[in-house]
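Here's a quick tour of this model. Have the viewer open and follow along.

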Amino acid sequence: MITSMILFPLAGFVINGAWSLWSARNGTRVSPRVSGSIATTAMVAAFMAAIMARAQIPATGSIEVDCFRWFSLGSLSVDFKLRLDALSSIFTLVITGVGAMIHLYSVSYMEEDEAAGKYFAYLNLFCFMMLNLVLGGTLPQVFLGWEGVGLASYLLIGFWYREEANVAAGQKAFIMNRIGDLGFLIAMFIGYKYSGSLDLTTVEKVILPAGVGTSFVLLIFLACTGKSAQLPLFTWLPDAMAGPTPVSALIHAATMVTSGVYLLARLSPVISQSATGMAVIAGIGAATALITAIIACFQRDIKKVLAYSTVSQLGFMFAACGVGAFGAGVFHVMTHAFFKALLFLAAGSVIHGLHGEQDIFKMGGLKKKLPVTFWTFTAGWAAILGLPPFSGFFSKDEILHQALVSNSGSAWLFGVLLIAAVLTAFYMTRLYRLVFFGTPRMDQAKFDHAHESPVPMALPLVLLGVLSLAGGFAGEPVHLAHPESALSTPTWVIMIVSVIAAAIGATIAFRRYSVSEVKAEPTSDVFRIDAVYSKLFGGGLGVIASASQWLEERVVQGMIRMVAAVTDLSGNMIRVLQVGSAQAYLLMMIIALVVMVFYFMKGVV
Amino acid sequence: MTAFEPWMLLVVSILVFCIGLLGLILRKNLLVMLMSIELMLNAVNLCFVTFSKMHQLLDGHLTVLFVMTVAAAESAVGLGLVIAMFRNLRSVDSDQIQLLRD
Amino acid sequence: MDFPLLAFSVFSTIAILGSLLVIFKKNPVSSAFALVLVFFAFAGLYALLGAHLVAALQILVYAGAIMVLFVFVIMLLNQDEPVHDLEATGVIYRVVSALTVTALGAILVRAVLASKSMTPSGALTDEKIASLGGNMKAISEQLFTDRVFHFELTSFLLLGAIVATVTLAKRKSRGEEGEV
Amino acid sequence: METSSSLSFLLTIPLLAVVISWVIPKALQRIYAIFGSALILALTVYETSGILFSSTTEAAKAYFVDQRLEWVSELGLSAGFRLDGVSAWFLVLSALTTLVAFYLRGIWYRKQPRLFVSMGFFLLFALNSAFLATDLITFYLSYEAVFIPMIFMVGVWGENQKASAVFRFFLMSFAGSILMLVAMFQLMSMHHAATGQWSSHLPDILKVVANVPVESLLWPGAGFLLAFAIKVPLVPFHGWLKEVYVNAPMPGTIWMSAILSKLGVVGVIRFVLPLFPAVIKEYQGALLAVSAVSVIYAALLAIRSNEGKTLLAYSSISHLGFVMLGLFSLSSEGSNAGVLLSVGHAVTSGMLFYLLHQVEERSGNLDLTTSKGLATAYPVLFSGLFIAVLASVSLPGTLNFGGEFLVLLNAYRASALCTILAALGVILGAVYMLRFFQRLGLGKTGTANPVDVLVKKDLSLADLLMVVLLVGIVIYGGINPGIFMKG
């Protein structure tokens with residue numbers, strides 16, 4: 001059952017990939033409907049398999065399926081095996097479930113794109129890799145998925161590759177992810193060195209010496225910052241919005257970016273050993289949550305707002321992991337997957353309805369025009385604000401609670417996260433208000449042409465809306481080791497505080513943007529992080545590369561020229577002896593003979 | 001006064017060989033160079049026969065017969081070459097043959 | 001002074017002096033005649049060693065055939081006048097050559113003096129050869145039994161040499177450079 | 001059970017192919033070359049199948065063959081060959097590379113095709129002999145014989161600056177191999193001093209070298225290492241490479257990058273590591289550092305390259321830096337990983353250069369300063385190129401990943417610092433390879449191109465077949481890399 005779960009998307013990828021390649025070669029087109037149906041069917045089948053597999057998991061423990069021996073060398077042997085337990089099961093359900101809906105949504109979203117076959121192939125490839133990531137029983141296999149989703153992300157961000165900007169965004173994502181992957185690689189080496197194996201079951205249990213443990217945790221976290229767009233490496237995610245909107249929903253909101261949380265939760269026994277490492281994770285998570293929430297308040301592009309919001313929400317999850325509340329983090333992954341996928345799809349529906357308009361200051365008053373989108377967006381909005389009883393309420397509240405009460409938590413952490421929550425409410429309400437209410441700020445013609453999306457797009461919206469509403473009642477999906485509480489603040493106090501915080505943010509935004517003439521705000525890269533990075537890394541790399549080029553041209557090539565000159569010189573010297581007379585050569589031969597006889601037969605003659 | 005012993009012939013052979021070699025190195029006249037080669041061949045022949053005597057074998061004699069055959073062939077071809085060269089260059093000076101130089 | 005030593009002294013002196021004449025005479029014809037002298041001296045030395053067949057062949061082949069060839073060519077090419085090629089070479093070259101050849105000779109002589117006598121590896125003493133019917137018969141028997149293959153090979157060599165010489169020396173049927 | 005005749009067979013077949021190529025009409029040379037090399041590839045795989053496809057190294061050992069032919073035994077000259085888990089794969093690789101190189105169409109089939117084909121087969125012979133050699137002199141002769149066809153390749157069918165390229169190539173390689181020859185003579189005289197016998201046979205010399213103090217092995221070791229460092233090449237001995245790669249015709253580049261560079265790898269595995277373990281141990285840190293610096297430095301140069309072939313040339317140096325890192329980790333695991341990565345690099349670089357030639361045929365140049373956007377016009381070609389690019393950045397699931405991963409894993413135990421430094425090359429690799437692909441394939445079409453660039457045919461079926469074969473190897477090797485590690 002587990003095997004078939006990953007084989008369905010793979011089959012979809014192979015079929016769609018081969019078909020679109022073949023038709024590209026012959027100059028024919030792949031029917032988006034057919035290839036979309038194939039891909040969606042594969043995902044639905046995988047979802048069924050995931051549900052059935054979920055039922056088979058024993059109460060405590062996991063199912064393991066050994067597929068084949070991947071490689072072995074010396075004492076190391078790495079199997080290709082799938083491991084399903086409560087944690088990975090949650091992820092598989094989210095990936096296949098949300099994935100199936102987004103596939104369905106895409107069938108109609110991509111209807112007019114001539115490369116739809118390729119698109120669905122990539123999407124299936126992504127799901128296959130993502131399932132490998134969460135089901136992998138060994139670290140290299142997780143790494144396979146880890147890099148594989150990066151690849152799929154690169155392909156899909158740069159899907160419309162004729163625009164240089166899209167390609168550049170894809171490359172940025174891939175390279176920043178690679179920086180993180182370096183951390184993953186080296187962490188694997190450390191894990192192998194100390195546990196003698198790369199099996200997750202073994203590595204999970206390994207006890208690392210203090211210093212090594214910290215570097216292990218930090219390296220793993222480096223990988224997470226790349227994949228999950230945390231503070232030093234988050235700038236790729238907003239750029240990644242260059243891809244088609246369903247891709248943003250699936251990859252850059254619901255699944256791939258949460259794989260960092262999965263990895264931390266998966267390795268939680270090792271991670272918890274290092275207090276320093278945990279503190280760094282919590283700190284960076286909270287800082288990311290705050291900083292990107294601030295940036296989100298200054299965005300005009302509907303997708304960029306959601307992208308920064310995603311980064312901010314991921315910051316919440318990492319903060320939870322950092323205080324030891326891995327369960328809360330995973331819970332938020334799940335609810336976030338529902339409401340953020342919903343928000344993105346709804347945004348996609350808006351963009352689709354407005355024929356590509358993405359600027360929120362050129363929207364407004366769409367409530368009537370796009371009723372389904374409006375109501376489902378409302379559910380998502382309420383969920384991300386954390387209004388009870390929407391799903392986000394439960395998970396966010398849990399995170400805030402743990403940030404305050406757990407041993408490694410603190411009032412500071414709680415405070416930062418609370419401010420981030422207020423800001424979240426502010427920018428989401430700003431978006432909500434500007435898009436759906438007030439007077440339309442676009443051409444009348446465009447407004448008139450705005451239309452609700454067709455059923456295949458609306459259906460996933462509704463389903464995700466229901467999940468955003470009710471998903472929180474499922475409760476914390478996995479029971480990972482809970483942090484010990486230092487304080488005994490009751491839960492209900494936190495609940496009230498967080499709801500009040502959300503209400504404050506929402507109210508400010510509503511009041512600010514309820515004036516009849518909304519002034520367009522310029523987009524602002526508040527902290528200029530991107531610019532600094534491109535100066536620092538782009539420039540730095542350029543300088544180093546120039547230096548090596550200089551070294552190459554002057555020193556290395558100079559060395560060659562020197563060797564050539566020496567050869568030339570000695571050639572000229574030897575040329576003197578080449579008089580061109582056979583007798584002179586004979587004489588030299590005899591001289592050499594005499595010298596050799598003298599040298600070698602000293603004792604004899 | 002000592003009696004004659006075969007090794008003395010070896011010394012003679014060496015001397016003649018070296019003289020032939022010297023001639024080969026010093027002279028530019030191709031005819032004389034060929035003669036020097038004949039001298040060297042003869043010296044070697046003498047060596048063979050002497051060794052044959054010292055070893056009490058006849059192989060040396062046989063070898064000399066073959067060397068003589070080769071020497072005859074060699075001088076015939078060599079002299080043919082000298083004639084051919086003389087035809088082209090009007091000279092038998094070895095320094096005149098330098099087509100390969102530089 | 002017994003006869004072998006006397007004969008050796010005479011023949012070897014002639015051989016060495018003749019060789020020197022060969023290489024130092026200005027006129028190729030003189031060199032050729034000195035060479036004949038050397039060949040005869042060698043024949044004497046062979047006879048001294050009891051190699052009668054070789055001695056006879058030395059006179060027949062070298063002094064007879066090869067020398068005739070040389071003299072014939074010298075005359076053909078009008079080379080019977082002094083040449084001054086020796087003086088054309090530099091002094092340094094001449095000195096270096098002489099020293100090198102002397103060194104080579106010294107090494108070889110040293111080697112000979114270091115191993116004047118050797119244990120015979122065969123058993124064909126003079127008496128044994130006499131009992132086999134003489135030097136010539138003994139050689140012939142070996143030549144036409146054990147070495148017959150090699151003997152036949154030399155005929156190919158000679159054939160090749162003949163063809164080569166004819167080709168080289170053949171006058172071109174046309175062309176101005178054909179006259180000698 | 002294999003018999004020793006299989007070795008002679010593997011060595012004589014390419015020579016036979018050389019002879020036959022002289023009686024094949026010019027028009028049929030390409031067909032002959034392709035079928036001939038395919039046949040040789042099939043025969044090589046068949047003859048070595050016992051080793052290639054056995055499940056473990058232990059099982060493969062039953063098929064290892066040692067052969068020694070006496071030559072001049074008084075001087076210890078003999079010809080020694082050994083077919084084992086390392087050489088078997090390199091034999092297959094050299095046959096495969098030859099097939100790929102012959103498959104390309106180009107000027108070499110119009111100008112003196114007979115010379116080209118016979119030189120190609122001769123190169124195959126020399127390579128096979130070098131990969132199998134266990135005798136110092138045999139190895140040296142084969143190692144040098146490889147030059148002959150390569151010099152013809154660059155000299156006859158090369159690009160603009162071929163004279164300078166040939167000169168540099170010859171100079172640098174010869175400088176290295178002459179030092180190696182001196183080192184070989186030193187080893188042989190050590191053997192003579194110890195046993196009174198001359199021998200150039202590796203097992204004989206190994207017995208003697210074990211008792212020689214480290215100090216006297218330093219210079220021979222340095223001679224060998226330098227020769228291989230130039231061949232591979234390692235920074236800073238790579239100066240010859242760029243000009244030669246760029247000026248060589250594409251088949252020559254394929255041969256050089258895919259298989260000639262592996263002569264150095266095999267040399268280190270066969271000769272340097274067994275002969276001078278103590279010396280290498282002593283200088284392990286420096287050697288690892290040189291390898292790591294090669295990775296980084298070449299990657300930086302690749303980032304700065306503005307021409308497709310140059311970029312791939314530097315990327316080749318960078319990848320081989322990883323291989324050497326594996327070898328110098330001084331464990332059998334590291335060596336095995338190095339072999340695996342060598343195989344990976346050979347297949348991927350063969351594929352990259354092969355497809356690059358197709359791109360060049362269509363666009364006329366490989367300038368990377370402007371985007372070409374060719375992927376729209378040639379989707380299949382660029383899909384293949386993309387897979388090659390992915391393999392080259394060693395994405396998991398491709399052949400290179402296992403190699404690079406295991407190399408780094410083993411090198412980490414030897415030196416964490418050098419490993420981390422080299423691992424930075426993984427990032428830089430992504431930077432330059434993605435830029436390479438983007439500039440050739442992506443972006444707006446027709447901005448920098450004359451229109452006729454975009455109307456040629458996409459990959460032909462025959463070319464597609466070759467690409468599918470190579471992609472198959474890359475993917476299969478990604479799933480089952482263990483097959484390449486039988487050392």
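## Chain A: domains and build

Chain A is assigned three pieces: domain 1 (1-192 + 226-265), domain 2 (274-521) and domain 3 (534-600), with bounds that come from an automatic or database domain assignment. Taken over C-alpha atoms, the centres of domain 1 of chain A and domain 3 of chain A sit 55 Å apart. Along the principal axes, the C-alpha atoms of chain A fill a box of roughly 110 × 60 × 45 Å.

Of the 605 residues in chain A, 57% are buried (20 or more other C-beta atoms within 10 Å of the residue's own, with C-beta atoms placed from the backbone). Chain A has 23 helices and two strands, which are DSSP runs numbered from the N terminus (helices: H or I, at least four residues; strands: E, at least two).

## What we're working with

This is a predicted model: local features need pLDDT of at least 70, side-chain atom pairs count only at pLDDT 80 or more, and totals for chains, interfaces and linings use all residues. Residues are numbered from 1 along each chain as its sequence is written, while chains are lettered from A and ligands numbered from 1 in the order in which they are written.

## Where C meets B

Between these chains, 72 residues of chain C are in contact with 65 residues of chain B (C-beta atoms, placed from the backbone, within 7 Å). Elements giving two or more residues to chain C's side include α1 (3-24), α3 (52-76) and α8 (148-169) of chain C.

## Confidence in chain B

Chain B has a mean pLDDT (the predictor's per-residue confidence, from 0 to 100) of 86, and 93% of its residues reach 70 or more.

Methods. Two residues are in contact if their C-beta atoms, placed from the backbone, lie within 7 Å. A residue is buried if 20 or more other C-beta atoms lie within 10 Å of its own, exposed if 12 or fewer, and partly exposed in between; C-beta atoms are placed from the backbone.
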